[in-house]
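Q: Could we go through this model together, beginning with the ligands and then turning to the strands?

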Amino acid sequence: LRMNDPPVLIGADVVKKALQFEKLVPVLEKALADVSSGKEGGVVQPLRTMMSLEKYSGFLGIMPAYSSTDDILATKLLTFYQQKTSSTIPSHQATVLLFDPSNGCLKAIMDGKVITDKRTAAVSAIATKFLKPTNLEVLCILGSGAQAYSHYEIFTEMFPFKEVRVWSRNRKSAEAFADSFPGDIQVCSSAKEAVVGADVIVTVTMATEPVLFGEWVKPGAHINGM
Ligand SMILES: NC(=O)C1=CN([C@@H]2O[C@H](COP(=O)(O)OP(=O)(O)OC[C@H]3O[C@@H](n4cnc5c(N)ncnc54)[C@H](O)[C@@H]3O)[C@@H](O)[C@H]2O)C=CC1
Ligand SMILES: O=C(O)C1=NCCCC1
């Protein structure tokens, strides 16, 4: 691209093809290590700004970051709504803007929804890998929305679970989730039933009240709380 060329638009299908988990995990592990090593890692990532749209129970989040080691300047713009506004519009939508850090030119406008779904799940999986739960036999997912799908995909790809359980406040949605994958997924009638005995627990709901209680969790289990 020349300096004055308009930014390229990169849609969800193209992003999806590029973000295979086996490629994403090592890149994210490096990014996490860079962030954690402070100045040496070369990452500038101010705390995101989250603006509340009280009238609509919604939020607009602005998440800028710069990596001097990779020389990448980008920001994610995210909107999310506590009440689903329609059955076809996802609760979370995002766009990622990529800039040329040397001159500020906008180079690309990318679908950020796929990035959000896959990046979040991949980071949960990386945390699980490094924090090493005692066992990796039973996976429990609380919630059956977009993050439930992406977490199921990467967790069953990276770990040898023998049993997967899902619970959702909407049983039909949990059944649709279970039916959408070829592997066996047990649909549970309560969060407690899904959690008791699980080795890895993923909470991916929009609940503002607790759905998971400590007394259900077996010692040594690992919880990824979104
Ligand atoms: N930390 C991070 O980087 C990210 C966090 N998230 C969070 O992960 C969670 C899930 O996100 P998505 O799957 O994209 O949302 P989604 O809207 O696709 O799915 C939400 C799920 O939560 C359930 N739910 C909604 N209200 C509930 C309630 N009061 N009690 C129990 N269940 C309820 C819905 O039935 C659905 O199964 C959200 O809290 C979201 O904000 C999502 C993306 C990134
Ligand atoms: O994409 C992210 O990062 C999000 N953070 C918190 C709320 C939902 C999405």
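The conversation below concerns a predicted model.

Q: Which residues are around ligand 2?
A: They are R48, M63, K76, L78, F80, H92, T116 and R119.

Q: How do those divide into nonpolar, polar and charged?
A: The shell around ligand 2 has three nonpolar, two polar and three charged residues.

Q: Which elements supply at least two residues of that shell?
A: Two elements are to be named here, β5 (72-81) and α3 (113-131). The largest share comes from β5, with three residues.

Q: What about polar atoms: how far is the side chain of K76 from an oxygen atom of ligand 2?
A: A polar atom in the K76 side chain is 2.6 Å from that oxygen atom. An N or O atom in the side chain of R48 lies 3.2 Å from a nitrogen atom of ligand 2. For R119, a side-chain N or O atom is 3.3 Å from an oxygen atom of the ligand.

Q: And what percentage of the accessible area of ligand 2 does the protein cover?
A: On its own, ligand 2 has 260 Å² of accessible area, and the protein covers 75% of this.

Q: Now ligand 1. Which residues come nearest?
A: There are 17 residues around ligand 1, and those that come nearest are S91, H92, S144, Q147 and T205. H92 is also one of the residues around ligand 2.

Q: Which atoms of S91 and T205 are involved, side chain or backbone?
A: For S91, an N or O atom of the side chain is 2.6 Å from an oxygen atom of ligand 1. For T205, a polar backbone atom lies 2.8 Å from an oxygen atom of the ligand.

Q: How much of ligand 1 does the protein bury?
A: The protein buries 78% of the 860 Å² that ligand 1 exposes when taken alone.

Q: Which elements give two or more residues to its shell?
A: They are α3 and α4 (146-158). With three residues, α3 gives the most to the shell around ligand 1.

Q: What is the division by residue class there?
A: The shell around ligand 1 has five nonpolar, ten polar and two charged residues.

Q: Changing topic: in which sense do β5 and β6 pair, parallel or antiparallel?
A: β5 pairs with β6 (residues 92-99) in the antiparallel sense, over eight bridges. Within this pairing, L77 has T95 in β6 as its bridge partner.

Q: And how many bridges join β6 to β7?
A: Five bridges join β6 to β7 (residues 106-111), and these strands run antiparallel. V96 stands opposite M110 in β7.

Q: What do β6 and β7 form?
A: They form a hairpin, with six residues between the two strands. In the turn, G104 has a positive phi of about 80°.

Q: What is the strand order in the open sheet of five strands?
A: The order is β10-β9-β8-β11-β12, and the pairing is parallel.

Q: Why is one side of β10 and of β12 left without a neighbour in the sheet?
A: β10 (186-187) and β12 (222-225) stand at the edges and have a single partner strand each, so one side of each is left without a neighbour.

Q: How many bridges are there between β8 and β11?
A: β8 and β11 (residues 200-203) pair in the parallel sense over four bridges. I141 stands opposite V202 in β11.

Q: Where does N135 lie?
A: N135 lies in the loop between α3 and β8 (138-142). N135 counts as partly exposed because its relative accessibility is 34%, a value between the limits of 20% and 50%.

Q: Which residues does N135 touch?
A: Not counting residues up to four places away in sequence, N135 touches D199 and K218. N135 and F161 are 26 residues apart in sequence, with a C-alpha to C-alpha separation of 9.3 Å.

Q: Finally, where does S173 lie, and which residues is S173 in contact with?
A: S173 lies in helix α5 (residues 171-179). Leaving aside neighbours within four places in sequence, S173 is in contact with S144 and S168. S173 is partly exposed, at 23% relative accessible area. S173 and G145 are 28 residues apart in sequence, and 8.1 Å apart in space from C-alpha to C-alpha.

Methods:
Residues numbered from 1 in each chain as written. Chains lettered and ligands numbered in written order. Predicted model: local features only at pLDDT ≥ 70, side-chain atom pairs only at ≥ 80, totals over all residues. Heavy atoms only, no water. Near = heavy atom within 4 Å. Polar contact = N/O pair within 3.5 Å; in protein donor to acceptor, adjacent residues only side chain to side chain. Areas by Shrake-Rupley, 256 points an atom, 1.4 Å probe, with all protein chains shown as cover. Nonpolar A, V, L, I, M, F, W, Y, C, P; charged D, E, K, R; others polar. Buried < 20%, exposed > 50% of the residue type's maximum accessible area, 1.4 Å probe, protein only. Contact = heavy atoms within 4.5 Å. Pairing = 2+ DSSP bridges.
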